[in-house]
Amino acid sequence: MNKLLVAFSLLLLAGGFLYYYNTHAESFRMTPIPGRVKAVPETNTVYKPAAAQLAAAKAVIRANRFNSGIAFLIDMKRAASQNRFFVYDLNRDSIIAAGLVTHGRCGEKWLEGRRYSNTVGSMCTSLGNYRIGNPYQGRFGLAYKLYGLDSSNSNAFERYVVLHSHACVPEAETDYEICQSDGCPTVSPGFLKQLQAIIDASPRPILLSIYESQ
């Protein structure tokens, strides 16, 4: 009799889990994977984008009539444990805010190093310039649509690559590699609030540039 009760209880638990998984399957698939890889970050370092990178960003801004005073720069050359998402004041040539940001895991449980792809379903980061679009409420809360401006990221909208936050991203630099995403530049909740204030107050679209410095 006891064995039957145990078996029945296990069946109920299994059924409950399957129901929860099926009703939340999208969230299970999209949740970034927590990092466990140790790293030694260069904390509190001063970052200076190369002159060529700034010149290229300004050219894109002029061509598309974007906000000429602000640009969002993400340097994928830096470790995920370091600040690599920078809000750059183009008029004063200085960083006004910085935070951590994920890179895509390219469909792997954990991606070693970096790979980039513009292919739908690749779950990789796409390098290139993006126009930050309208906000909306997604599966992780506030998110901003992204539109790729280059051949290397032209499928961003179709791939559902957006700017959003997730609790797995720390609010400050760490001594370990942070979680990885399914291709979205994912930031911490606190940093997204800082970005939200800048984006929503901007009279024109803001450029987001994802690149690897030399």
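Trainee: How many disulfides does the structure hold?
Mentor: Keep in mind that this is a predicted model. Cys106 is joined to Cys124, S to S 2.1 Å, and Cys168 to Cys179, S to S 2.0 Å. With the bonded cysteines numbered in sequence order, the pairing reads 1-2, 3-4. The number of disulfides is two.

Trainee: Which hand does the disulfide of Cys106 and Cys124 have?
Mentor: Start with where the pair sits: Cys106 and Cys124 are both in the loop between strand E3 (94-99) and strand E4 (128-138), 18 residues apart. The torsion about their S-S bond is about 140 degrees, so the disulfide is right-handed.

Trainee: Is Cys168 buried or partly exposed?
Mentor: Buried means under 20% relative accessible area. Cys168 comes in at 21%, which means it counts as partly exposed.

Trainee: On to the rings. How are Phe72 and Phe85 arranged, stacked or tilted?
Mentor: The count of aromatic pairs comes to four. In one of them, the centres of Phe72 and Phe85 are 5.6 Å apart. Phe72 belongs to strand E1 (residues 70-75) and Phe85 to strand E2 (residues 85-89). Their planes are at 55 degrees, so the pair is tilted.

Trainee: Which residue do ring pairs link into a cluster with Phe72 and Phe85?
Mentor: Phe72 and Phe85 are both buried. Helix H4 (residues 189-201) has buried residues too, among them Leu192 and Leu195. Another buried residue of H4 is the one that ring pairs link with Phe72 and Phe85, namely Phe191.

Trainee: What is the angle between the planes of Tyr147 and Phe157?
Mentor: Tyr147 is in strand E5 (residues 141-148), and Phe157 is in the loop between E5 and E6. Tyr147 has a relative accessible area of 25%, so it is partly exposed, and Phe157 at 45% is partly exposed. They form a stacked pair, 5.2 Å centre to centre, and the angle between the planes is 10 degrees.

Trainee: Which residue lies over the face of Tyr147?
Mentor: A charged end sits over a ring elsewhere too: that of Lys145 is 5.9 Å from the centre of Tyr136. For Tyr147, the residue is at 4.3 Å from the ring centre, and that residue is Arg131.

Notes. Residues numbered from 1 in each chain as written. Predicted model: local features only at pLDDT ≥ 70, side-chain atom pairs only at ≥ 80, totals over all residues. Heavy atoms only, no water. Disulfide = S-S within 2.5 Å. Helix = DSSP H or I, 4+ residues; strand = E, 2+ residues; numbered from the N terminus. Buried < 20%, exposed > 50% of the residue type's maximum accessible area, 1.4 Å probe, protein only. Phe/Tyr/Trp six-rings, centres within 6.5 Å; stacked < 30°, edge-to-face > 60°. Lys NZ or Arg CZ within 6 Å of the ring centre and 35° of its normal.
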